[in-house]
Number of protein chains: 2
Amino acid sequence: MGGVWSWIKNMASLSDIAVSAAINCLSAVLFLVAFAILRLQPINDRVYFPKWYLKGIRDSPTSSGTYVKKFVNLDVKMYLKFLNWMPAALRMPEPELIEHAGLDSAVYVRIYLLGLKIFCPITLLAFGVLVPVNYTGENFEEMRVNRRDLTYNDIDKLSISNVAPGSRSAAIIIIRLYAHIVMAYVFTLWTCYALYNEYRIVTKMRLHFLAAERRRPDQFTVLVRNVPPDDDESISEHVEHFFCVNHPDHYLSHQVVYNANALADMVIMKKTLQNWLTYYTNKFERNPNKRPTTKTGFLGLWGKHVDAIDFYTQQIEALSKEEEAERERVLNDANAIVPAAFVSFKSRWGAAVCAQTQQSNNPTIWLTDWAPEPRDVYWDNLRIPYVELKLRRLLMSVALFGLTFCFMVPIAFVQTLANIESIQKYLPFMKPLIEIESVKAIIQGYLPGIILKIFLILLPTIIMTMSKIEGFTALSALETRSAGKYYLFLLVNVFLGSIITGTALQQLQGFLNQSPTMIPQTVGVSIPMKATFFITYVMVDGWSGIAAEILRLVPLVVFHLKNTFLVKTEKDREQAMDPGSLTWAISEPRIQLYFLLGLVYSTVTPILLPFIVVFFAFSFLVFRHQIINVYDQKYESGATFWPDVHRRIIIGLILSQFLFLGLLNTKKAYNATYFLIPLPILTFWFFRVCKGRFESQFKKFPLEDAMKKDTLEKATEPNLNIKTYLQDAYVHPVFKGAIEFERPRVIDEEENNPLVLTKRSFHRHHHGKQKQEEEEDTSEDRMETLSSKGGSTSKAGPTVITAQDKL
Amino acid sequence: MGGVWSWIKNMASLSDIAVSAAINCLSAVLFLVAFAILRLQPINDRVYFPKWYLKGIRDSPTSSGTYVKKFVNLDVKMYLKFLNWMPAALRMPEPELIEHAGLDSAVYVRIYLLGLKIFCPITLLAFGVLVPVNYTGENFEEMRVNRRDLTYNDIDKLSISNVAPGSRSAAIIIIRLYAHIVMAYVFTLWTCYALYNEYRIVTKMRLHFLAAERRRPDQFTVLVRNVPPDDDESISEHVEHFFCVNHPDHYLSHQVVYNANALADMVIMKKTLQNWLTYYTNKFERNPNKRPTTKTGFLGLWGKHVDAIDFYTQQIEALSKEEEAERERVLNDANAIVPAAFVSFKSRWGAAVCAQTQQSNNPTIWLTDWAPEPRDVYWDNLRIPYVELKLRRLLMSVALFGLTFCFMVPIAFVQTLANIESIQKYLPFMKPLIEIESVKAIIQGYLPGIILKIFLILLPTIIMTMSKIEGFTALSALETRSAGKYYLFLLVNVFLGSIITGTALQQLQGFLNQSPTMIPQTVGVSIPMKATFFITYVMVDGWSGIAAEILRLVPLVVFHLKNTFLVKTEKDREQAMDPGSLTWAISEPRIQLYFLLGLVYSTVTPILLPFIVVFFAFSFLVFRHQIINVYDQKYESGATFWPDVHRRIIIGLILSQFLFLGLLNTKKAYNATYFLIPLPILTFWFFRVCKGRFESQFKKFPLEDAMKKDTLEKATEPNLNIKTYLQDAYVHPVFKGAIEFERPRVIDEEENNPLVLTKRSFHRHHHGKQKQEEEEDTSEDRMETLSSKGGSTSKAGPTVITAQDKL
């Protein structure tokens with residue numbers, strides 16, 4: 001992003017734009033054609049349609065047809081209709097989409113739709129009213145009369161810069177400016193209307209979704225953190241007693257949390273070793289004459305030669321033993337239990353009450369909150385005590401400030417280090433390569449840019465790590481918080497950074513030394529001049545970026561590599577598939593940048609708007625296609641992110657109003673600007689009203705709805721044994737078999753026939769415990785069940801993939 | 001305030017301060033001597049010790065002794081010990097004080113104690129370290145060498161202004177500045193420690209208080225607002241059904257709210273008429289020869305002559321009939337029921353759950369919150385719908401901005417109107433008076449000042465009206481919000497207004513046109529120069545003001561007037577007593593001003609600190625005395641205001657840090673100032689930590705505590721009939737007899753013996769309803785009971801005083 005972006009900064013004129021547009025359209029089209037061809041090849045089927053495989057609807061095409069047909073599509077007719085994915089993407093109706101991909105995804109594409117809803121009418125109005133007004137403004141022509149050297153282009157002529165303190169007729173100029181002010185009001189009103197409407201629709205969708213949702217463990221469960229230590233009782237006993245006393249009619253059971261981070265690391269490690277074993281076994285099978293060898297050192301780079309298959313088999317065996325020992329230790333060591341627990345209730349009502357109320361008079365202990373759904377839990381952070389959490393938040397706020405405003409400092413430092421001399425000094429074996437003149441030139445010329453680029457690629461990871469340090473306990477929360485941080489970064493470093501020269505820190509210093517009324521003015525004045533730059537930005541980052549998204553180059557390459565080296569069975573192939581998911585923390589802030597650009601330029605340089613509209617339309621198509629065919633979401637939050645989307649669009653709106661106010665101030669139309677002052681106030685009020693009206697529907701679970709679902713369930717399934725259903729829902733993934741964890745569980749049948757002795761209940765009988773009476777169930781024997789489960793899982797062997805692996 | 005304040009602005013030098021201190025000490029001492037003498041007179045006993053009368057411990061001294069002794073105290077010995085109220089005020093231990101005056105009052109005096117705790121050590125340290133450092137700074141003497149005309153006084157020599165960019169030795173100056181910076185850290189640390197400690201203690205007191213509190217209706221009750229309209233059901237039925245469905249195990253009963261504002265007005269009117277009747281009856285009794293007459297017009301000023309006693313008897317009779325009709329109308333008209341209700345639960349646990357959870361998925365309806373205690377309810381605001389509430393808040397925010405920054409505009413306007421010419425034109429009958437030269441001079445000279453003064457006297461009322469318009473439903477909430485507004489006003493117009501010249505609006509414009517880093521600098525530089533002004537302010541507003549508080553001049557005069565004209569029976573005399581109460585909305589922001597001054601000047605001009613310390617010590621004494629002997633609180637909130645106190649002191653602390661930073665910046669010690677930047681960040685973090693640690697204990701009622709109280713109650717009073725207890729707790733005061741409402745109710749005895757046929761239950765039997773079975777109780781027959789109660793109340797006649805009267 002950084003490199004391209006400084007490159008396009010140099011372009012400005014309309015012909016440059018045209019060239020850039022042509023190049024970008026071409027590259028976008030090329031991506032699309034490549035996509036259209038590649039997706040038809042059966043060999044890529046698992047790259048472009050993984051969702052359907054995961055759903056079990058699509059089978060491997062390798063199972064039928066000739067050998068060639070297995071890999072290449074020879075049907076010419078299909079190539080002719082290479083754009084037919086577009087209508088196909090639109091064809092699936094929304095309710096089906098929600099059913100198919102979940103509410104999160106369906107609402108995510110609605111962000112693009114909202115962009116269209118906001119900007120299509122605005123574009124039409126702006127072209128109908130503002131463009132003619134600006135074009136006939138004649139400011140530039142007049143200025144040209146005075147200053148021959150002034151350069152301006154056609155885009156400038158269409159912007160508000162062409163309406164200005166010219167000498168012609170003050171009255172006409174005032175009228176022209178008022179046209180802009182009226183339009184600012186109209187645009188704001190329309191945006192607010194669209195936002196309100198969308199908030200309403202999404203809220204409705206969410207409520208409908210939650211109401212229709214089938215039984216899920218998190219509906220009955222509350223995450224309790226900061227369980228206070230007790231001298232006489234274990235954590236498990238303490239939790240049980242506390243909730244038995246304070247929620248006597250509703251408490252059902254609880255699940256303690258083990259500090260299984262070391263164990264999780266071992267599981268990941270074992271998975272890697274198993275991959276290597278598979279790799280060498282495959283190699284040996286293909287070439288049975290020669291047993292493959294490896295070196296014992298790091299990554300097989302050095303050390304003594306050994307037989308690879310034996311080596312890895314041994315390693316895995318050793319690790320399995322260690323893992324088993326660690327598992328035993330965790331389950332039997334009281335210190336391995338973190339002061340947190342998942343407490344389940346007999347009804348949704350009971351859970352809703354517990355999640356929304358304060359338990360103890362000390363608000364730093366017995367903190368209760370809705371449990372995230374099991375897949376969504378971020379286990380590592382459950383143990384953090386209260387004061388440490390506060391301290392982490394403080395440190396991360398300071399770090400975020402540093403990251404946003406001072407990120408150039410360490411990069412500049414690394415850039416000065418990474419020069420020819422240091423490379424020669426510290427990496428002497430590279431010396432012959434560097435001494436070639438052309439290589440040297442490339443290093444000197446591009447190394448700084450490459451370092452910046454690497455930083456920008458690493459940025460989302462850095463931000464996610466920061467959010468993890470902040471101590472959130474759910475993946476969804478981590479993503480939401482990361483999105484906020486990334487948005488701030490983009491706002492400061494891409495939007496403001498492109499408008500004003502200098503690093504972010506310099507800007508900040510400049511702002512601190514300027515009066516608050518001058519800041520929007522300084523920024524506002526530069527805005528019309530940067531229109532061409534942003535148009536190019538929209539095309540490069542927006543259009544081509546989206547086209548690249550649909551091509552999925554990286555997953556394509558990775559899949560084929562895995563397919564070649566690691567895949568043995570059909571199951572392995574399934575695991576080699578990487579459907580990916582919506583990268584919320586990165587994509588959403590980027591969309592917000594386009595909202596911001598559109599809103600800022602709507603009154604200033606409306607010519608930018610069509611580019612934004614095309615971006616939204618194209619993205620809508622692409623992401624709808626991806627959601628239907630590719631992405632597999634890791635968790636389902638029921639669109640809890642919408643308040644963030646709404647808030648950030650309103651931040652963009654208010655920002656655009658302030659910048660417009662600053663810009664108008666420079667037009668020496670002070671009276672006119674007074675008319676604009678109510679605009680941000682009213683917009684903020686609108687934000688408050690929306691917040692009050694809708695936000696709690698995304699944060700809380702109302703008792704009325706909980707009661708409705710409970711009553712319905714009681715009527716339809718009177719014999720439901722909810723305790724059995726919830727028993728292992730919140731067991732740490734390393735204690736679960738991979739299959740059991742990844743697939744929908746089959747407990748529902750069992751629950752409907754509690755009298756049938758299923759394998760599970762038989763298992764318990766075998767342990768000499770009769771647990772039909774729920775009241776007698778103590779945490780102790782739950783632990784025993786767990787340990788026996790854990791043991792059997794580890795013996796299940798090589799297919800252990802846990803959710804932990806995917807983080 | 002305004003007049004005195006502009007007058008003392010002109011004084012500056014040390015000798016002026018000495019004179020001013022002398023004058024103020026003298027006036028304070030005079031007030032105290034007057035108080036010491038007046039309080040010993042039996043005739044004033046009800047003015048200075050009303051609390052004991054209300055408690056029923058003290059009897060009228062008129063009942064024994066000679067006639068003279070009834071009015072004047074002749075015991076000389078008592079006059080000698082005229083200051084013995086001071087140790088007496090300190091003697092009562094805190095737990096007894098809480099028992100005697102309530103937690104609100106006990107915690108209120110702790111604010112002064114906190115002031116002492118913070119400022120005593122700071123004063124000692126500042127005098128030990130900073131005063132010597134400043135005094136030996138020699139900046140002024142050096143400057144004097146250069147500029148002969150420079151004037152400075154001894155106070156300036158003790159302030160930081162004496163340490164400055166002198167030419168002597170840079171190193172020494174830097175060390176001197178660092179001494180200030182280190183002290184700034186030490187002071188902040190100490191303040192935070194004291195704040196934390198105090199927050200902890202107050203929290204503990206509150207929890208203890210709540211745990212020890214006897215049964216109160218608000219513990220079981222939740223205020224439900226915005227009940228949605230329903231086509232088929234009345235509001236009462238709708239509420240009942242909703243809570244029966246959604247809180248099936250906990251819902252007990254509910255009380256609808258009548259829109260009885262018109263009725264309340266009538267009650268107040270009737271009370272006034274009755275006062276007049278009493279006045280004329282008394283007059284007639286003292287002089288039985290002549291029947292008193294009055295005129296029928298406004299305030300008896302014009303209209304035809306009538307016999308006063310007959311006239312008022314008729315008027316009261318007519319009004320009683322009207323009142324009766326209105327009462328009938330309200331009780332029978334479905335439209336008179338506002339969409340709000342007080343819903344009671346079977347246990348505190350049930351109420352706590354309902355108050356803390358969201359009921360409906362539409363967060364604008366079925367809003368539940370803790371019910372204020374019955375005396376604390378502000379009935380007029382219960383009916384406001386959601387959107388109107390939001391709109392009111394918006395309008396009041398704008399109005400608050402206007403009040404704070406533009407209050408001078410309308411006052412200046414009135415001042416220009418209120419000149420000699422307009423008075424001559426519109427009030428011609430005043431003409432002869434005005435034409436006297438001396439009167440004319442007084443009017444021209446003082447009228448503008450008087451108008452400002454009137455505004456400042458009216459200000460608390462204006463602010464309270466604004467809070468009422470904002471729609472809060474409890475008197476305590478109204479007071480809290482008003483305090484916030486008043487604090488803003490004082491901060492901007494007294495603190496900043498005294499430091500910087502110009503009106504608040506001009507200041508605001510100035511700030512907007514300055515850079516954010518310049519603002520603390522501009523303000524900070526002026527701070528040392530205003531030290532003398534603020535010392536005088538502390539003496540005038542603080543010392544003398546507090547001394548005037550204990551004298552209670554206004555209540556003294558009013559009581560004797562009432563006693564002369566309106567009192568007939570001992571009961572009337574009791575009603576003539578006005579014990580008053582802590583005027584939280586006014587007093588607390590004023591205390592905050594002293595905290596702010598102390599914190600700001602602690603590092604700059606420590607000489608101000610002893611004055612602050614004396615203020616806190618003196619106020620502590622006076623208010624402790626007043627609370628023990630005088631004030632009678634209208635409601636008990638259990639110190640819910642403490643988070644506000646804490647927050648505002650921290651605002652003052654952060655403000656002082658920024659101003660100190662700005663001041664140091666002007667000393668050209670830029671490096672030094674960087675050391676100060678973490679200070680506000682850490683202070684803010686401290687605020688967040690305290691908020692997280694303590695605040696919810698003042699806002700929420702934890703389930704653990706609710707359950708504890710429920711269990712205890714169930715064990716100690718197994719036969720308690722909670723429904724009877726809550727039956728009429730939340731009936732609008734106009735439907736209640738005054739006596740029944742003002743006194744502790746006698747239901748407890750009845751509850752313990754539910755089988756005894758008391759007068760109340762007999763009354764119900766009489767109406768042919770058997771209500772021992774709680775389940776059969778419908779809202780309909782509750783209304784009937786109500787109307788019968790209302791009827792009997794109105795017949796009870798002339799002693800109807802309701803809580804409404806006192807608002």
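Between chain B and chain A the count of salt bridges is zero, where a salt bridge is a side-chain nitrogen of Lys or Arg within 4 Å of a carboxyl oxygen of Asp or Glu. A word on the ground rules, friends: this is a predicted model, so local features need pLDDT of at least 70 and side-chain atom pairs count only at pLDDT 80 or more, while totals for chains, interfaces and linings use all residues. Residues are numbered from 1 along each chain as its sequence is written, chains are lettered from A in the order in which they are written, and side-chain values use heavy atoms, leaving out hydrogens and water.

So what does the interface have? Polar contacts: 24 residue pairs, both at pLDDT 80 or more. Such a contact is a pair of N or O atoms within 3.5 Å; within protein, one must be able to donate a hydrogen and the other to accept it, and residues adjacent in sequence count only if both atoms are side-chain atoms.

H31(B) gives the largest share of the side of chain B that touches chain A, ten residues; helices here are DSSP runs of H or I, at least four residues, numbered from the N terminus. By class, that side has 22 nonpolar, 18 polar and six charged residues, with Gly counted as polar.

Now the area. Together the two chains bury about 4,000 Å², 59% of it on carbon and sulfur atoms; that is accessible area, with a 1.4 Å probe, lost on being put together and summed over both. B:Gln358, B:Asn361 and B:Trp685 supply 16% of what chain B buries against chain A, more than any other three residues.

Key
Helices (H or I, at least four residues) and strands (E, at least two) are DSSP runs, numbered from the N terminus.
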